[in-house]
Amino acid sequence: AEQNGLPPDTVWRRVGEIEGGAHPETRRFHLSMACNHCLEPTCLSGCPTDAYVKLDNGVVQHRADECIGCQYCTWNCPYSVPAFQPDRRIVTKCDMCLPRLSAGLAPACVGACPTEAITVERVDVAAWRDDHAAADAPHLPPSGITLSTTRIALPEGVPLDTFAASDHQLRPEHPHTPLIVLTLLTQVAVGASAAGSRAVAALVAVAALAASLGHLGRPVHAAKALRNLRRSWLSREVALFGLYSGAALAAVPVPALAPVAVAVGAAGVFASARLYVVPGRPAWDTWLTVAQFGLTPVVAAGVVAGAPAVAAGGALAQLAVTLANLVRLRRVGTFEARGTVRLTLHWFRPLFGLRVLAAPAAVAVAPTNLGAAAGLLAVAEVANRYLFYVTVVPLNIPGSFFRGRA
């Protein structure tokens with residue numbers, strides 16, 4: 001941290017604890033881990049601005065000048081390595097102390113370790129692609145997701161029944177309020193376009209574009225998000241919703257452009273949902289996420305068009321998708337999957353109950369009072385999207401027993 005001038009709340013290397021065994025034959029191990037400089041880094045492939053580059057020496061470098069602080073890489077990385085640095089409003093990560101390597105010195109962490117638990121070695125890339133099992137260890141994400149190049153030398157006698165000391169620290173994720181606003185507004189706008197309300201669609205689409213800047217650490221550089229259309233779903237989302245907003249505005253005086261706006265908007269909703277389908281977030285890594293995002297425009301179209309049956313059908317289908325995902329996660333049974341179920345049904349039980357009851361209540365009152373039904377559907381949508389963000393449990397490395405930076 002001193003070598004790289006990091007502020008107190010930004011950590012690139014973490015030390016986790018793994019425990020196991022039965023009393024009195026119990027054991028505890030420590031795992032120190034930073035960036036794994038993977039062969040197929042998901043931080044690089046998903047970054048909309050191409051802020052990451054894989055150097056010839058194997059290091060995955062983050063170029064701070066190109067980062068807009070969208071934090072998409074923090075979701076994509078199954079090891080939760082990239083860290084948002086508040087004082088700079090961008091994401092930063094370990095670069096294996098490149099200046100020291102260039103000078104023939106070891107990285108600072110290697111030089112500081114008193115027990116030589118951390119070393120640097122060259123990787124035979126072809127051999128590692130054929131067999132990367134040495135990167136696997138208890139309670140780590142599968143190395144095959146990114147082909148992590150960190151070789152872990154496990155000590156002898158690791159018990160079969162181990163657990164991460166941080167497993168008791170289950171807690172909600174950040175709600176990402178700007179993203180709640182952005183995703184809901186874009187989907188409502190597309191629903192309004194489909195319902196034929198061109199003016200409403202244009203107004204909401206413009207509001208959604210303004211809301212999109214709220215999630216960026218460096219919104220003045222937002223245009224950089226269009227750089228990686230070839231690989232990044234976030235780049236595609238930005239491009240499609242930008243085109244949709246233009247089409248929606250143009251469709252107000254030129255009704256013939258309305259079908260174009262609907263088509264582009266639907267593609268944008270798909271891209272928006274698809275960027276969440278990542279292995280690093282098991283609760284999102286399902287096509288049910290795409291279905292959930294895709295049903296919101298259906299609900300909005302039913303409300304805007306004054307078609308209670310359409311709105312009710314969309315709301316009940318979305319509730320079914322939410323419940324189906326919880327059933328899926330319960331069957332998966334991993335810590336991350338069980339954690340999402342626990343957060344939803346216990347930590348946020350009142351809000352989840354409100355979300356479950358709001359949809360059927362809207363269906364019941366829709367035939368006689370569409371305004372009240374629209375209000376209940378709005379409650380259900382906002383609650384559902386809020387829970388989507390706060391109840392996800394990301395893949396990660398084991399943490400310590402106590403909460404904190406280590």
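Tyrosine 72 is buried, because its relative accessibility is 5% and the cut-off for buried is under 20%. Tryptophan 75 also counts as buried, at 5% relative accessibility. Both belong to helix α2, which spans residues 72–76. The model is predicted.

**Aromatic residues**

- Tyrosine 72 and tryptophan 75 sit 3 residues apart in α2, about one turn of the helix.
- The count of aromatic pairs comes to 15.
- In the pair of tyrosine 72 and tryptophan 75, the ring centres are 6.2 Å apart.
- The planes of these two rings stand at 85 degrees, so the pair is edge-to-face; the cut-off for that class is over 60 degrees.

**Packing of α6 and α9**

- Helix α6 covers residues 177–194, and helix α9 covers residues 258–274.
- The two helices pack with their axes 9 Å apart, at an angle of about 150 degrees.
- α6 and α9 are therefore roughly antiparallel to each other, since angles over 145 degrees fall in that class.
- Their crossing is left-handed.

**Residues in the α6–α9 contact**

- From α6, the contact uses Thr183, Gln187, Val190, Ser193 and Ala194.
- From α9, Val262, Gly265, Ala266, Val269 and Ser272 meet them.
- The residues of this contact divide into 5 nonpolar and 5 polar, with no charged residue.

Definitions and conventions
Residues are numbered from 1 along each chain as its sequence is written. This is a predicted model: local features need pLDDT of at least 70, side-chain atom pairs count only at pLDDT 80 or more; totals for chains, interfaces and linings use all residues. Side-chain values use heavy atoms; hydrogens and water are left out. Axes are lines fitted to C-alpha atoms, for helices over the stretch in contact, and angles run from 0 to 180 degrees between N-to-C directions. Helices (H or I, at least four residues) and strands (E, at least two) are DSSP runs, numbered from the N terminus. Angles under 35 degrees count as roughly parallel, over 145 as roughly antiparallel, 65 to 115 as roughly perpendicular and the rest as oblique. A crossing is left-handed if the near helix is turned anticlockwise from the far one by less than a right angle, and right-handed if clockwise. Contact means heavy atoms within 4.5 Å. Ala, Val, Leu, Ile, Met, Phe, Trp, Tyr, Cys and Pro count as nonpolar, Asp, Glu, Lys and Arg as charged, and the others, Gly among them, as polar. Rings of Phe, Tyr and Trp (its six-membered ring) pair if their centres lie within 6.5 Å; planes under 30 degrees apart count as stacked, over 60 as edge-to-face and the rest as tilted. Buried means under 20% relative accessible area, exposed over 50%, partly exposed in between (1.4 Å probe, protein chains only).
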